[in-house]
Amino acid sequence: MKTLYPFAIIIASSFFLSSFDSVAKNESYTKKLSTSIHSDNDSDVVDTEVLNDFFKRYSDLKKYQTEVISIYKNRSYETIWYEDNKINEFGKLLYQKIKNADQEGIQIEIPYQDEIEQIFNKSKKISRSDADMLLSAAYVIYMRNAYDGLDAETVKKTGWLLPKKTLSYDTLLDSLMVNPDLLEKKNGLLFDQYFRLQEVLKKYKKIEEDNTWKPITTETPYKDIRPDAKSITVAQVRNRLFVMGDLKSDSKSDFYDRELMDGVMAYKLRNGLKPNYIITEDHIKDMNEPIAYKIKKLQINMERCRWISPKMVTDNEYVMVNIPSFELVYVKNGKVELVSSVFVGSQLTKTSIFSGNIDRVVFSPYWTVPQSIVDNELKLKIAADKNYLAENNMEMVNGQVRQKPGPKNSLGLVKFIFPNSEDIYMHDTPSKTLFDFEKRTFSHGCINVKQAKDLAVAMLKDYPEWTQAKIDKAMNGEEETTFKLPNKIPIYITYFTTWANEDGQISFYQDVYDRDAELSNILFPESTVASN
């Protein structure tokens, strides 16, 4: 946003109207405005005319005019930020929050910052009415950036199709005026994950400030580092794990000992990596990512948190899938019931970011092969081998290829349906070895669940007729068995490349679809975020 020079006081001679009545009216208004500029008691001068004139003079704020006018209209056009001729407590807090916006993971550029500074420096250059309206505009700008985030259309363009929350700045203002401390608390305005990432952001900014994020050097060509190795690289990795919190102390030893093994395992487990003690070149590359990039990733994911309704994770029962962590969490009765690894769509067939409601569990499913797969993959195989369909337990039905139920069915033994325009669903898979990979982008868009059977059992606990024996029989049948859930289960497919648990432990995941880079270009157009 551009910043303009402090405004020049409008004088009466700038108004010229043709009719006597109009002139009289304008003179009356000019007198009123002049009073508002020079009087210390102009507490009742924010009306429609004053507001319209304000936005003519402070034209860089015009885009916020609708919200600001609404705020005053619903308060009978009384001043908002003054009490006993002084800025009220919420006004002071708002000023401090704007000055420290970096703690929110954002960079707010508010037009007319110099004028706002004058308000709090007790300068006589700004009238009370102008000061009040400047603070009202600043309030809208701050809430947009810190609590609302990017507009819905821009969010949608990033591929995020989860419903974006909406905020009423007007309604919220009433609560904040009564209790300004609400801005300092987990107040239900933001998804809980936001506040956890905010704490991690403070930690990583301190690391940046202390300059303790030193480069890790390696030999060329690189050789995997294993326990009992001895090198300068080992000592540097040890220091990095200490700085990140995976080691409680730094012995500075260059020998890969038991202590370092525990630190490497902690690092891998929190970042969703294969749990072993081998330090590969990819791990060094990740550890060597500049601290500034780590900070940007935290800020990017804090922005995503602004889009989500805090009520999303207060449901008594729901499924959440996070694409970058390749993980599914099933919450039942308000508690985590099951956590499972998943694999998702490839770069060409990305899994969409959206929400839905699981309404059916289908045992021993048929798989109707999408025509695109038939055209691009199966036609040549069928032409080359007349027995291909039979050998793969497939058949042709009404001109479509489908795979019959069975242990080799591509959907496995069970699938979970949540109707959506993308035709995406969750399902089991016979390809269990794919879960051993760190980067699991193998599907055509659907979500393959490692513990699909356990998930089905957990979902059907509330239905006594679905005994373990009945579930086992349905899963191993020769025909589909569909159970329509009486109570639909919300499912949220998300994209978070950083995630902090309840203890504040931070995980950094792979930006598998380059979504961070896309969002970074919007939020920080002058900088970049590396993809790993």
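Author: The buried residues of helix 11 are L260, M261, G263, V264, M265, Y267, K268 and R270, where buried means under 20% relative accessible area, exposed over 50% and partly exposed in between, with a 1.4 Å probe and protein chains only. Helices here are DSSP runs of H or I with at least four residues, strands are runs of E with at least two, and both are numbered from the N terminus. This is a predicted model, in which local features need pLDDT of at least 70 and side-chain atom pairs count only at pLDDT 80 or more, while totals for chains, interfaces and linings use all residues. Residues are numbered from 1 along each chain as its sequence is written, and side-chain values use heavy atoms, with hydrogens and water left out.

Reader: What do the buried residues of helix 11 pack against?

Author: They pack against helix 10 (232–244), helix 12 (281–287) and strand 16 (506–508), with contact taken as heavy atoms within 4.5 Å.

Reader: And how many residues does helix 11 have, and how far does it reach?

Author: Helix 11 has 13 residues and reaches 19 Å from its first C-alpha to its last, close to the 18 Å expected at 1.5 Å a residue; the expected span is 1.5 Å times one less than the number of residues. Just after helix 11, G272 takes a positive phi of about 70°.

Reader: Switching to pockets, what is the volume of the largest pocket?

Author: Its volume is about 1,100 Å³. On a 1 Å grid over the protein atoms alone, a pocket is an open set of points with protein on both sides within 12 Å along at least five of seven lines, and lining residues have an atom within 4 Å of a point. Grid points are joined across faces, edges and corners, and the volume is the space filled by probe spheres set on the points.

Reader: Which residues lie nearest the centre of the largest pocket?

Author: Of the 39 residues that line the largest pocket, E327, V329, V339, W499 and Y509 lie nearest its centre. Among the elements that give two or more residues to this lining are helix 11 (258–270), strand 3 (318–322), strand 4 (327–332) and strand 5 (335–345), and strand 5 provides the largest share, five residues. The lining divides into 17 nonpolar, ten polar and twelve charged residues, counting Ala, Val, Leu, Ile, Met, Phe, Trp, Tyr, Cys and Pro as nonpolar, Asp, Glu, Lys and Arg as charged, and the others, Gly among them, as polar.

Reader: How do strand 3 and strand 4 pair?

Author: Strand 3 and strand 4 pair in the antiparallel sense over five bridges, where pairing requires that DSSP finds at least two bridges between the strands. V321 stands opposite L328 in strand 4. Strand 4 is also joined to strand 5 by six bridges, again running antiparallel, and the bridge partner of E327 in strand 5 is S341.

Reader: Which residue takes a positive phi in the hairpin of strand 4 and strand 5?

Author: That is N333, with phi near 55°, in a hairpin that has two residues between the strands. N333 is exposed, with a relative accessible area of 52%. In the hairpin of strand 3 and strand 4, which has four residues between the strands, F326 takes a positive phi near 50°.

Reader: Back to pockets, which residues lie nearest the centre of the second largest pocket?

Author: They are W367, I373, S410, L411 and H444, out of 39 lining residues, and this pocket has a volume of about 960 Å³. Helix 14 gives the most to its lining, with five residues, and by class the lining has 15 nonpolar, 15 polar and nine charged residues.

Reader: What is the order of the open sheet of three strands?

Author: The order is 7-9-8, with antiparallel pairing. Strand 7 and strand 8 (394–397) stand at the edges, each with a single partner strand, so one side of each is left without a neighbour in the sheet. Strand 8 and strand 9 pair over four bridges, and E395 stands opposite R402 in strand 9.

Reader: Last one: where is P221, and which peptide bond is cis?

Author: P221 lies in the loop between helix 9 and helix 10, and the peptide bond from T220 to P221 is the cis one, with omega near -5°. N211 is found in the loop between helix 9 and helix 10 as well, and N211 is partly exposed, with a relative accessible area of 49%.

Key: On a 1 Å grid over the protein atoms alone, a cavity is a set of points where a 1.4 Å probe fits but cannot get out, and a pocket is an open set with protein on both sides within 12 Å along at least five of seven lines; lining residues have an atom within 4 Å of a point.
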